[in-house]
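Visitor: I am new to this structure. Please walk me through it.
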Amino acid sequence: MGKCVMIVDDSSSVRTVVGIALRGAGYEVLEASDGADALSKLGGQKIHLIISDVNMPGMDGLTFLKELKKQAAFKFTPVMMLTTESAADKVAVGKAEGARAWMTKPFQPEQMLAAVQKLVLP
Amino acid sequence: MTPLAERTLQVLGLHPARVNTPVATNHATELAGALCTVWQRQLDATIEHGTSSVDALTKTFAGIERQLAQALELTEQAAKGLKGDGAMSGAIAGANERLNDVMAMIQDAVEANHAMLATVTEAVNAVRELNQTAQSVELISQMTTLLSINARIEAARAGAAGQGFSVVAYEVRRLAAQSRQESVAIMQRVARIEQVIQQAADSAEAQRARDQDLIARSREDARQIVAELGESMNQVMAASDGLCDIGQQTRTSVAMALVSFQYQDRVSQRVSHVRDSVALFAQALSDGWPDEANLEGMDARLLKSYTMPEEGRTHRDEPEPDQSGTGLMLF
């Protein structure tokens, strides 16, 4: 069984596109449509990496990141933000809340997979 | 009227001179408010239709990509099977070896028949020797008959003293005649046996010739079959290599398509921000025509609402920079 990566994005097509790239590289993929949905789906299986959008209705990505890091079980789970946002203040907030990487869309699949390979839990 | 206000009215297609009256201002406000409402609805519909279309297209693409991945996996497995250890080329070599073993067994069987032919030939020779023996016996009986005749002649010459000898000579002659009859019968039977055995030997010899011919033709057929099979396998391997190349090209195309699909997300966000700015403008109009400070405040709020750098550049009518950044920051 491959390592599990959770994708959190309100866009169905983005989740599909990221899922194609990850599954093609042998990862299992778990999808969530926003931060609240993602928090509700934690705990079912070990998650080796989370890829999250920033601008989402309901709970946005930075709030989700903050809530995630409050849980001891996910304190060391790496999170990569994948977003159209590139404002320096938003990036700084993400870094401060514990994100391990910030990637802007559109992403090159091989570049994303290289980052995933580098960040994913052993 | 400030230059900013004039510019705003010009954008709306309203002449400042005609608008700068209380009645005209109310009408313009109503018109602008109505237009903003329509524009918001149109933008919402655009976002919804665009998102649902791209979502459906992405899902269809994902299905096609899965099928391609399965086809490519099968192709790569087949290619590995053709070229790896215990592969088809090895199977052909094994089949060739087994065919050679079968041909060798056939050859052994044929040679066993030939050994039997040799035995038959020996039997023919033995029968001929037997015939010669029978002929010798015939000759001996003839000579014995002559001898008995001579004995009777001498016995007659001996007169009364030779009578007993004459009887013996007569019996010898009778035995010689009997022996001669038996030897004739033996020679006739031996001749018959020799005839039958010779026929068997002739048949075996003819069969031997046919067997050799059949073995030669079978070897050639087997060699040709294995060669044709090898040629077919080479063509299959070449086709498999071609499919693997196409698979790699397809993977590259899929990666490019994945990048293209992501632009829908950016387009959707940009259109959403335009809708929000229309709503902002409609709200500002409902509070009365904005003055210069309010317009500049709106300008600042619009700039702050953007999430992508190019939105700000477009707002300020700045050129797009060279897109050579990696888009990834690791912390």
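Visitor: How many helices and strands make up the secondary structure of chain A?

Guide: A note first: this is a predicted model, in which local features need pLDDT of at least 70 and side-chain atom pairs count only at pLDDT 80 or more, while totals for chains, interfaces and linings use all residues. Residues are numbered from 1 along each chain as its sequence is written, and chains are lettered from A and ligands numbered from 1 in the order in which they are written. Helices (H or I, at least four residues) and strands (E, at least two) are DSSP runs, numbered from the N terminus. Chain A has five helices and five strands.

Visitor: In what order do the elements of chain A run from the N terminus?

Guide: The order is β-α-β-α-β-α-β-α-β-α.

Visitor: Which strands form the open sheet, and in what order?

Guide: Two strands pair if DSSP finds at least two bridges between them. Here six strands line up as 2(A)-1(A)-3(A)-4(A)-5(A)-1(B), with mixed pairing. Strand 2 (28-32) of chain A and strand 1 of chain B stand at the edges; each has a single partner strand, so one side of each lacks a neighbour in the sheet. From one strand to the next, the twist averages 15°. Angles run from 0 to 180 degrees between N-to-C directions, and axes are lines fitted to C-alpha atoms, for helices over the stretch in contact.

Visitor: How many bridges join strand 5 of chain A to strand 1 of chain B?

Guide: Three, and the two strands run antiparallel. Strand 1 of chain B covers residues 328-330. In that strand, Met329(B) stands opposite Trp102(A). Strand 3 (residues 49-52) and strand 4 of chain A are also joined by three bridges, but they run parallel. Ile50(A) has Val79(A) as its bridge partner, and Ile51(A) has Met80(A).

Visitor: Is strand 4 of chain A enclosed or left open, and why?

Guide: A residue is buried if 20 or more other C-beta atoms lie within 10 Å of its own, exposed if 12 or fewer, and partly exposed in between; C-beta atoms are placed from the backbone. In a regular strand the side chains alternate between the two faces of the sheet. Strand 4 (residues 79-83) of chain A is largely enclosed by the rest of the structure, because five of its five residues are buried. Val79(A), Met81(A) and Thr83(A) are buried on one side, Met80(A) and Leu82(A) on the other. Across the 122 residues of chain A, 44% count as buried.

Visitor: Which strands does helix 5 of chain A lie across?

Guide: Helix 5 of chain A lies across strand 1, strand 3, strand 4 and strand 5 of chain A, together with strand 1 of chain B. Its direction is at about 170° to strand 5 of chain A.

Visitor: At what angle do helix 1 of chain A and helix 5 of chain B cross?

Guide: Roughly 160°, with axes that come within 9 Å. That makes the two helices roughly antiparallel (angles over 145 degrees; under 35 is roughly parallel, 65 to 115 roughly perpendicular, the rest oblique). Among the residues that meet are Val14(A) and Val17(A) from helix 1 of chain A, and Leu258(B) and Phe261(B) from helix 5 of chain B.

Key: Two residues are in contact if their C-beta atoms, placed from the backbone, lie within 7 Å.
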